[in-house]
Structure formats: C-alpha cells, structure tokens
Amino acid sequence: MQPTTVQVAILGAGVAGLEAARVLQASGVELIVLEARERIGGRIFTLHDETVAVPIELGAEFVHGEAPELRETAHDARAPIYDIGGERWHSSNGTLERLDDFWPMLNAVMKRLDAKREPDRSFEQFLKTRPGGAPLARARTMALQWVEGFHAADPARASERALADGGSPGDDVRERRLGRFRDGYDSVPRWIARDVASRVRLGAVVSGIRWQPGAISLDVRQASGDSVTALEARAAIITAPIGVLHAPPGEPGAIAFDPPLDFDRVKSDALRRMDMGAVIRVTIAVREPFWTSKRFVRRAKSQNLDRLAFLHTSDADFPVWWTAYPASTPLLVGWTGGPRARELSSIGDDQATDRATDALARQFRLARREARRLVMGAWTHNWENDPYARGAYSYILVGGSDAPAKLARPMQGTLFFAGEASDAEGRTGTVHGAIATGRRAAKQVLRVL
Ligand SMILES: Cc1cc2nc3c(=O)[nH]c(=O)nc-3n(C[C@H](O)[C@H](O)[C@H](O)COP(=O)(O)OP(=O)(O)OC[C@H]3O[C@@H](n4cnc5c(N)ncnc54)[C@H](O)[C@@H]3O)c2cc1C
C-alpha cells in the first residue's frame, strides 16, 4: 500500500497538538493529527458520571491565574469558568484552623529564590540554607509542599533558577486566582478540535520517525492491533510529553527517532534537564458534606467550614485536599505530588484510594470505619503508568532553566516541538502554556512551508 502523504503530521491530540492543527488548518495546510489514545484531550481527561453533579477531572482541573490563551478559548467556546474563592484551612491531624495567609507565606519563601543563581542548585539545597530563618519555618514547609504538590517535582532535583522564574504567583493577586470549568475541562479540547476533527486519527500510535531535512516517514501502529502503516510528511510537530520522549524505543508509546533526537546537542540538553513530575489525585464522592454539619464543627472545635475550598495538612500520604466549592456537591479531592506520589503510584488504584480515605479520616478526625462508610465512589487515574504520559507534567532540573526554550527549537526546519514542556515563558505544566506552544509551533511551521 502506498504511504499517505501530508504536509504536516502532528503527533498528539492534547491541547498543544489540537491548537497547532487549528492554526495550520486555518492557513490551508494539509495535515493529520495522530493520537495514540481513543480520545482527544490528552492530560485533560474529564469524566461525566451521572451519579455526581459536577464533572470529575482526572487530569487538569484548574485555570491558574490570568491564563489568557485559555480564557480566550473558553470565551469563544462559551464554556463558563467560575472563580473558586472560598477559604483555605489547615489541619494538623484533625485540629483545624483557618489559613488566611497561605499566599503571603508562600511568597515570603519563594521570593528568596534567585533566578540568576550561578551555579544553579536544587530547591532542597536552597531550603537547607533556612532562608528567612526561624520566623519562616512554617512557610518553608508550605513552600516544600508547593514544589512537591503544585510542581509535582522532586525538591532534590528541581531547579532553583526555574522555580524563581514563574514558579509561584508572587504577590500578583490576579495570578493567585483559581478557576474551574463549570461543564468540565474537556470543553476546551472539544472546542479547539471542532474544525479539525476529521483530520484526527484516534488509536494511532506513532512508534518510529525516520527523518531528514524536509522529509519524514512515520510508522503508525493501530492501538487495537499490530498493523503498522507508513505516513509521509514534509514536517512534523511532536507534542508527546517529555516522559514519552524519554522512553527507550520498544517501550509502549515510545517513539524511535532516526536519527535520534539526542544527536543534536541542544535537544539532548533539553531532554536531560527536564523530567516528568509525579502526582496522585483521588476524587472521593461522600454521602454528605460532613464538614459543614454542626456536629462536625462542634467536634472539631472550629468555626463553620461551609466555605472550605482547600485543606492543607501535614499528612504524609495526601497532604492537600480540596472540595468542589463553590458547588455544594459533597466531593473531596486528595492530592499528593513529587517523590511520595511516585511511590504511591506503584500500589494500585484501589490501595491508593484506601490510603486517601485513611488520610481523610486522619485529617478530619473521623474514625476509619466512619470515613469508609461515607465513601460513595472514588476515581483516580495513574498517570505514572499511562504509556502516553509517563508522569503528570514536566518540571525543570538543576541547570535546565533554558531547557524548555531548547526543546522548542525546531530541528532542521523539519521536526517541530510543542506541548507544555516546551513553553519558554515559565508556564510549563499548564494547559494555557500548552495551548501557547501549539500556536508557536504552528507559526514556526508556516514560516518554512
Ligand atoms: C493530574 C494532573 C493535573 C493537572 N492539573 C492541571 C491544572 O489544574 N491546571 C493546568 O493548567 N494544568 C494541569 N495539568 C497539566 C495539563 O493537563 C497539561 O500541561 C496539558 O494538558 C498538556 O497538554 P499537551 O498537549 O502538552 O500534552 P498532552 O495533553 O499529554 O497531549 C499529548 C498527546 O500525545 C499523545 N501521545 C503520546 N505518545 C504518543 C505516541 N507515541 N503516538 C501518538 N500519540 C501519542 C498522548 O496520548 C496525548 O494525547 C495537570 C496534569 C495532570 C496529569
């Protein structure tokens, strides 16, 4: 059979790949999007479960800060985003107190990071110098949780320079805003894909890319079988997560590049200086919003928790929890990131859910039996073991503050790179960052076509 030929092949139908396809299609470019999974959206993965009143997000959930690319898309899609607001609380094994100074505390530590530090060092090394001394001891614990939880990073490997540059909202109140899609995050990829849907091939796993300047041959395997077809293109945009680019050829989802990417020094630097962070999120639907009940408030000797949005704890397994606030749906989401999440990824979904339920019992001071009785349903997705993600999202390793920019650089006007890890503006690991890279890669391609 003759291989199919297109001008541009796009690997991946996450938001980066779809956005690149949308821009190229609007310029009349003939393209195809090859997506390994049987769905679009990649790390945006929303479940609509009829037993729960709100969408269940297994991947991206929040709109972080201004995120203009995302808010514009949401506006065009008429997909409402609501601000979360609400209150942050802290639980120390069930002793609850309001945490009104979360952002100032975080900022007190993060502002001491040095974006120009020579040589770069790890976040852990930075913390060892006890920045801010004794008065900031608690704030340093918060900052460590932030780097492990929000950045999904291993503090012993994460770059101080990179974290100093966009690693927290600082004192910008607009960047501290958090939003959520009322109808689910999946409304974003669905909207971006609306004009390119016929160009997306699902269940198409790219296993090999042979290339030379101006000519690419891709091996595409059907996810549901073994048949491999060839596809030829003038250029390709690779949006696979960095975890997939790291995977050795032959592993599920891995791509054998010929010549390999790391024959180019810029690309090999980029790949060495970034890694996938680990995250486990367990969403638990409970029978009733017990934390708002008078009985609970009396027992916890706390004020009313009706506006509880986030609960920060020192739990070793699941230190951060959030509710569906402002929706009143009785849902609790347990989150852990970094090295702990990597460990927990190996124990299986049911056990992770049990561990999350136990953490919930500890932090809300419920009897274990009572906590288990309250659980009506639980959902999680193991991103670590997902062959097409191999982790949650990227973070930058010591010495790699320029790694995203290096990843973004095209190779010989033929291979182009998009995806969250290639955002050079400090927005790696986010949806808006990923959309921006799709636009940027499409423009790079248009310049050479
Ligand atoms: C648990 C979790 C929570 C998150 N929370 C947030 C949040 O609250 N806010 C936020 O802004 N961001 C969040 N993110 C990050 C955000 O989801 C990502 O940054 C963004 O969706 C990445 O988009 P992308 O297009 O770069 O990559 P992806 O969405 O991963 O798209 C890449 C695509 O390539 C496909 N692919 C991989 N290998 C192959 C292959 N060999 N052949 C063909 N196709 C292949 C994949 O299946 C995938 O669809 C979260 C991520 C996770 C995992």
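Mentor: Helices (H or I, at least four residues) and strands (E, at least two) are DSSP runs, numbered from the N terminus. This is a predicted model, in which local features need pLDDT of at least 70 and side-chain atom pairs count only at pLDDT 80 or more, while totals for chains, interfaces and linings use all residues. Residues are numbered from 1 along each chain as its sequence is written, and side-chain values use heavy atoms, with hydrogens and water left out.

Trainee: What value does phi of Arg365 take?

Mentor: Most residues other than glycine have a negative phi, and most peptide bonds are trans. Phi of Arg365 is near 50°, a positive value in a residue other than glycine. Ala67 also has a positive phi, near 40°, and lies in the loop between strand 5 (62–64) and helix 2.

Trainee: Is Ala67 buried or exposed?

Mentor: Burial is read from relative accessible area: buried means under 20%, exposed over 50%, and partly exposed in between (1.4 Å probe, protein chains only). Ala67 has a relative accessible area of 2% and is therefore buried. Arg365, at 47% relative accessibility, counts as partly exposed.

Trainee: At what angle do the axes of helix 2 and helix 16 cross?

Mentor: Axes are lines fitted to C-alpha atoms, for helices over the stretch in contact, and angles run from 0 to 180 degrees between N-to-C directions. The axes of helix 2 (residues 68–76) and helix 16 (residues 431–448) come within 7 Å and cross at roughly 85°. Helix 2 is therefore roughly perpendicular to helix 16; angles under 35 degrees count as roughly parallel, over 145 as roughly antiparallel, 65 to 115 as roughly perpendicular and the rest as oblique.

Trainee: Which residues in helix 2 and helix 16 meet?

Mentor: Contact means heavy atoms within 4.5 Å. Glu69, Leu70, Glu72 and Thr73 of helix 2 meet Val431, His432, Ile435, Ala436 and Arg439 of helix 16. These residues comprise 4 nonpolar, 2 polar and 3 charged; Ala, Val, Leu, Ile, Met, Phe, Trp, Tyr, Cys and Pro count as nonpolar, Asp, Glu, Lys and Arg as charged, and the others, Gly among them, as polar.

Trainee: How do the axes of helix 3 and helix 5 cross?

Mentor: The axes of helix 3 and helix 5 (residues 137–149) come within 8 Å and cross at roughly 90°, so the two helices are roughly perpendicular to each other. Among the contacting residues are Trp103 and Leu106 of helix 3 and Met142 and Trp146 of helix 5. This contact divides into 11 nonpolar, no polar and 2 charged residues. Because 8 of the 9 residues of helix 3 are buried, helix 3 is largely enclosed by the rest of the structure. Its buried residues pack against several elements, including strand 7 (87–92), helix 4, helix 5 and strand 17 (308–313).

Trainee: Which residues touch the most other members of the largest nonpolar core?

Mentor: A nonpolar core is a set of buried Ala, Val, Leu, Ile, Met, Phe, Trp, Tyr and Cys residues joined through side-chain atoms within 4.5 Å. The largest has 37 residues, of which Ile10, Leu24, Leu70, Tyr185 and Ile237 touch the most other members. Its largest share, 7 residues, comes from helix 1. Leaving aside neighbours within four places in sequence, Ile237 contacts, among others, Ile10, Leu24, Phe416 and Val445.

Trainee: With which side chain does Arg121 make a polar contact?

Mentor: A polar contact is a pair of N or O atoms within 3.5 Å; within protein, one must be able to donate a hydrogen and the other to accept it, and residues adjacent in sequence count only if both atoms are side-chain atoms. The side chain of Arg121 makes such a contact with the side chain of Glu160 (2.4 Å). Arg121 lies in the loop between helix 3 (102–110) and helix 4 (123–128) and counts as buried at 16% relative accessibility. Arg121 also touches Val398, which is partly exposed at 26% relative accessibility.
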